[in-house]
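Subject: Structure handover

Hello,

Here is the structure I promised to pass on. Please open it beside this email and follow along.

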Amino acid sequence: MEQGTGADNSSSDAKNHRGWHQPHGLPHFDTPEIVQFVTFRLADSLPAWVEDRRETSMEMRRRVERKLDEGMGACWLANVDIALLVESALLAFHMHRYRLWSWCIMPNHVHCLFDLKDGWRLADVVKSWKSYTAAHANRILGRQGVFWQADYFDRYMRSEDQMARTIDYIERNPVKAGLCTYSTEWRWSSARRKLGGGSSDPASDFIAE
């Protein structure tokens, strides 16, 4: 599977990480050799008033994630074909462009924890996931228009303890949202794959090391 990024990421330009930057209103931190927790969501998953620009990014993120778990919008990621599409996109370049530590595909949003391989920028990786899956998901749904919300949340891990807590948060998200009883029951997450319950795609032997 080939996912375009709109740039030649193997070039020297791709190695110019942006540090702190704010292209669409939310702050992002792009730097190599750190583990990033990223959340991106469907375009219709929240009413506009939820994202209050007077809040800090952390306050906004917490409120947004509470609202996301209510399952607003069309929840296209609950469609098996689309969930498989998104999962395959996340796994396609594991250990090539990035290392995935944990992920979960919810009905209207996606969580993933990963660190970048040399030469790849955070924004380019997220753009690749979103642009590739949006085009194919719209084809599956027979629709046109915006699929993903334009921006995304990211938070870098400052300690091993924070990373462990984040993995637990990601993999327990379906339980917290009332979608299953145990995290390993949720088909679209790293928790299930760690027990060998993944679907039969080329990355089915994924285990976060």
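**A contact to start with**

The side chains of R97 and S128 are joined by a polar contact of 3.5 Å. R97 sits in the loop between α2 (80-92) and β4. R97 has a relative accessible area of 9%, so this residue is buried. Keep in mind that this is a predicted model.

**The overall picture**

The protein chain has five helices and six strands. Along the sequence their order is β-β-β-α-α-β-β-α-β-α-α. The chain has 209 residues, and 53% of them are buried. Now take the contacts between residues at least 6 apart in sequence. Of these, 67% join residues at least 24 apart.

**Strands β4 and β5**

Strand β4 covers residues 98-105. Seven of its eight residues are buried, so the rest of the structure largely encloses β4. Strand β5 covers residues 109-116. The two strands run antiparallel, and seven bridges join them. A hairpin of three residues leads from β4 to β5. To see the pairing, find S102: this residue stands opposite L113 in β5.

**Cysteines**

How many disulfides does the structure hold? The count is zero. Recall that a disulfide is a covalent bond between the sulfur atoms of two cysteines. Check C104 as an example. The closest cysteine sulfur to that of C104 belongs to C180, and the gap is 8.0 Å. That is too far for a bond, because a disulfide needs the two sulfur atoms within 2.5 Å. C104 is buried, at 0% relative accessibility. C112 is buried too, with a relative accessible area of 0%.

**Helix α2**

At the start of α2, look at N79. One of its side-chain oxygens comes to within 2.8 Å of the backbone nitrogen of D81.

Which residues of α2 are buried? They are I82, A83, L85, V86, E87, A89, L90 and L91. Their cover includes β4, β5, α3 and α5 (190-194).

Leave out residues up to four places away in sequence, and L90 touches Y98, L100, W103, I105, V110 and W129. L90 and V126 are 36 residues apart in sequence, and their C-alpha atoms are 9.5 Å apart in space.

**Helix α3**

Helix α3 has 20 residues, 122-141. At 1.5 Å a residue they should span 28 Å. The end C-alpha atoms are 28 Å apart, which agrees. G142 follows α3, and the phi of G142 is positive, near 65°.

**Salt bridges**

Side chains of opposite charge can pair when their charged atoms come close. The structure holds five salt bridges. Here are some of them.

- R193 and E87: their side chains meet in a salt bridge, 3.1 Å from N to O. This pair links distant parts of the chain, with R193 in helix α5 and E87 in helix α2, 106 residues apart. Both R193 and E87 are buried.
- D124 and R121: their side chains form a salt bridge, 3.0 Å from N to O. Both D124 and R121 are buried.
- R165 and D161: their side chains form a salt bridge, 2.9 Å from N to O. R165 is exposed, at 51% relative accessibility.

Why are R165 and D161 separated by about one helical turn? Both belong to helix α4 (residues 160-176), and they are four residues apart, so the separation is about one turn. The general rule is this: an α-helix has 3.6 residues a turn, so residues three or four places apart point the same way.

**Where to look first**

Begin at R97 and its polar contact with S128. Then follow the hairpin from β4 to β5. Finish at the salt bridge between R193 and E87.

Best wishes

How values were computed. Residues are numbered from 1 along each chain as its sequence is written. This is a predicted model: local features need pLDDT of at least 70, side-chain atom pairs count only at pLDDT 80 or more; totals for chains, interfaces and linings use all residues. Side-chain values use heavy atoms; hydrogens and water are left out. Buried means under 20% relative accessible area, exposed over 50%, partly exposed in between (1.4 Å probe, protein chains only). Two strands pair if DSSP finds at least two bridges between them. A polar contact is a pair of N or O atoms within 3.5 Å; within protein, one must be able to donate a hydrogen and the other to accept it, and residues adjacent in sequence count only if both atoms are side-chain atoms. The expected span of a helix is 1.5 Å times one less than its number of residues. Contact means heavy atoms within 4.5 Å. A salt bridge is a side-chain nitrogen of Lys or Arg within 4 Å of a carboxyl oxygen of Asp or Glu.
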